[in-house]
Amino acid sequence: MSQVAGSTSPAVPDQAEADETTRSAVREGVTMALYVAISLLAVLIGLPAGTLTEPVREIFFTALGLLMAHTIAFQLSARFTRQGQLIADHARRLGAQLVGGLSVTALAIVPVYLSPDAMGVALAELLLLGLVALTGYAAARSIPISRIRAVAYVVGVVVATLAVLWVKLLVGH
């Protein structure tokens, strides 16, 4: 098909727009991964020792409940802000969020599946906290700061995460 002089071709997203779409999807996935990691960590630490009878099942269904609740909230807020319409961007964002959440769920389940006792649960807790710390380090290093400042930032992130866990422990269950 030939192009008529002076006409424009159909709108093709430029590279900057495509890059922003990718960044947005990654941000949504990482946000959900961190949210699920901190939430699972709070649940695991908040339970009295030895109360997980089927830890793989309990971790999986806790995470699944979090993801289902988030999906409902996301769809409601998306429809609310777009006068009832869901657009393709919403589906991309939600898909990225679910991938992030399910990935962290798998990360938490693997050590518990391999060792379904207190050691497996402790390793899952360390992996979840490690994910938060590594993400904090990567975020800090994405801007030009020294490794020492990046580690200081990670310490702040871990302290903030521990504060969230402390608040959860105040509830007593």
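## Getting oriented

A helix here is a DSSP run of H or I with at least four residues, and helices are numbered from the N terminus. In that numbering, T105 has its place in helix α3. Please keep in mind that this is a predicted model.

Helix α1 covers residues 15-46 and helix α3 covers residues 88-114. Helix α2 is made of residues 55-81, and helix α4 of residues 118-141.

## Where α1 meets α3

The axes of α1 and α3 lie 7 Å apart, and the two helices pack at an angle of about 40°. Angles under 35 degrees would count as roughly parallel, so this pair is described as oblique. The crossing of α1 and α3 is right-handed.

On the α1 side, the residues in contact are T21, S24, A25, R27, E28, G29, M32, A33, V36, A37 and L40. They meet R92, R93, A96, Q97, G100, G101, V104, T105 and A108 of α3. Sorted by class, this contact of α1 with α3 holds nine nonpolar, seven polar and four charged residues.

## Where α2 meets α3

Helix α2 packs against α3 at about 170°, with 9 Å between their axes. Because angles over 145 degrees count as roughly antiparallel, α2 and α3 are roughly antiparallel to each other.

From α2, the contact includes P55, V56, I59, F60, A63 and L67, along with H70, T71, F74, Q75 and A78. Their partners in α3 are H90, R93, L94, Q97, L98, G101, L102, T105, A108, I109, V112 and Y113. The contact of α2 with α3 is made up of 15 nonpolar, seven polar and one charged residues.

## Where α1 meets α4

Helices α1 and α4 cross at roughly 145°, and their axes come within 9 Å. This crossing of α1 past α4 is left-handed.

V30, A33, L34, A37, I38, L40, L41, L44 and I45 represent α1 in this contact. Facing them from α4 are V121, A124, E125, L128, L129, L131, V132 and T135. The classes of the residues in this contact of α1 with α4 are 15 nonpolar, one polar and one charged.

## T105: a residue with two helix partners

T105 takes part in the contact of α3 with α1 and also in that of α3 with α2. Leaving aside residues up to four places away in sequence, T105 touches V36, L40, F60 and A63. Of these, V36 and L40 belong to the α1 side, while F60 and A63 belong to α2.

Is T105 buried or exposed? Its relative accessible area is 3%, so T105 is buried; the cut-off for buried is under 20%.

D14 sits in the segment before α1. With 46% relative accessibility, D14 counts as partly exposed. A polar atom of the D14 side chain lies 3.0 Å from the backbone nitrogen of E17.

T53 is found in the loop between α1 and α2. Its relative accessibility of 66% means that T53 counts as exposed. The side chains of T53 and E58 are joined by a polar contact of 3.0 Å. By comparison, T53 and F74 are 21 residues apart along the chain, and their C-alpha atoms are separated by 32 Å.

Conventions
Residues numbered from 1 in each chain as written. Predicted model: local features only at pLDDT ≥ 70, side-chain atom pairs only at ≥ 80, totals over all residues. Heavy atoms only, no water. Axes fitted to C-alpha atoms, helices over the stretch in contact; angles between N-to-C directions. Parallel < 35°, antiparallel > 145°, perpendicular 65-115°, else oblique. Left-handed = near helix turned anticlockwise from the far one by under 90°. Contact = heavy atoms within 4.5 Å. Nonpolar A, V, L, I, M, F, W, Y, C, P; charged D, E, K, R; others polar. Buried < 20%, exposed > 50% of the residue type's maximum accessible area, 1.4 Å probe, protein only. Polar contact = N/O pair within 3.5 Å; in protein donor to acceptor, adjacent residues only side chain to side chain.
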